[in-house]
Amino acid sequence: MIKSILALVISIIVVHMVYIGYIRPEASMLIEIAQQHGHTAPRDGVVILKDYEQEICLILLFWGCFLIATNYLTILKTNYLFSVDLIKDQDTDDLEVHSIIEQLDQQIPNDCQHSPLVRTLRSALWRYATTNNIQNLSDAIESNLEALAIRQDSENTMIRYLIWAIPSIGFIGTVRGIGQALSQADQALAGDIAGMTDSLGIAFNSTLVALLISILLMFLFHQLQRLQDSQILDTQEYCEKYLLSRIK
């Protein structure tokens, strides 16, 4: 939670500094030059990004990328465990289960102790040591995998909210721009359409930027979900290969 809040604050500060230091001054200069020559606002990148809705969307983009990258790294740093036999050189009799659990506690690095694979193995072995029943061990594996899927889904809630919120912010900019354009209808009827076109530019630019950012975040989020699903499947296959087959 603290890391997430700090990432949001840093994202706000960095994006806002870029806006007040470069994007808005540059956009104002280009628009002023265009008005002096009687032209509408150019379609440069800084002009498209200059409004407040685009700034908020970029802040949420960087924050969402941080949340996705954090989940990525959490999964990837423990992926090597699937290629290691964590219970090798141990007999899986009911008398040796406690020694297997001690081996998991002692030989696995601390940053991997809370990985889904280690927690699933430890929970299943404790269940087997208590009941001496293979079916209970199998049930413990399944319940841990279901809990893992639920936990991953709850951790992705904020990312899904950002993917929904960013297009909504873009639509707010669209409504604001169209409202400004309608308020300048009298000037347009008098022959001066520059103000109306600039307001419509605000409307369409905010929608354009918000949709592009939403597409990018959605792609990254789907890659994260694919990695999370692979983690669940790999955990299940590992337990079947190294634990259930030996006990049977």
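Q: Which elements of the chain have the lowest and the highest mean pLDDT?
A: It's a predicted model, and helix α8 (residues 185–189) has the lowest mean pLDDT, 64. Helix α3 (residues 52–76) has the highest, at 92.

Q: And what's the mean pLDDT of the protein chain?
A: The mean is 82, with 88% of the residues at 70 or more.

Q: Where does pLDDT stay under 50?
A: Over residues 91–95. The model has eight contacts beyond four places in sequence for that stretch.

Q: OK, packing. Which residues touch the most other members in the largest nonpolar core?
A: I159, I166 and I213, out of 30 residues in that core. Elements giving two or more residues to this core are α1, α2 (45–49), α3, α7 (157–183) and α9 (194–247). The most come from α3, which gives nine.

Q: What is I213 in contact with, leaving aside neighbours within four places in sequence?
A: C57, L58, L61 and I166. Apart from this core there's another one, of 28 residues, including L86, L121, Y128 and Y238.

Q: Switching to the surface: which residues form a nonpolar patch there?
A: M1, I5, V9, I13, M17 and I20. Together they have about 630 Å² of accessible area.

Conventions
Residues are numbered from 1 along each chain as its sequence is written. This is a predicted model: local features need pLDDT of at least 70, side-chain atom pairs count only at pLDDT 80 or more; totals for chains, interfaces and linings use all residues. Side-chain values use heavy atoms; hydrogens and water are left out. Patches are made of residues with over 30% relative accessible area and no salt bridge: like charges are joined within 9 Å, nonpolar side chains (Val, Leu, Ile, Met, Phe, Trp, Tyr) within 5 Å. Accessible areas come from the Shrake-Rupley method with a 1.4 Å probe; for residues, only the protein chains shown count as cover. A salt bridge is a side-chain nitrogen of Lys or Arg within 4 Å of a carboxyl oxygen of Asp or Glu. pLDDT is the predictor's confidence in each residue, from 0 to 100. Helices (H or I, at least four residues) and strands (E, at least two) are DSSP runs, numbered from the N terminus. Contact means heavy atoms within 4.5 Å. A nonpolar core is a set of buried Ala, Val, Leu, Ile, Met, Phe, Trp, Tyr and Cys residues joined through side-chain atoms within 4.5 Å. Buried means under 20% relative accessible area, exposed over 50%, partly exposed in between (1.4 Å probe, protein chains only).
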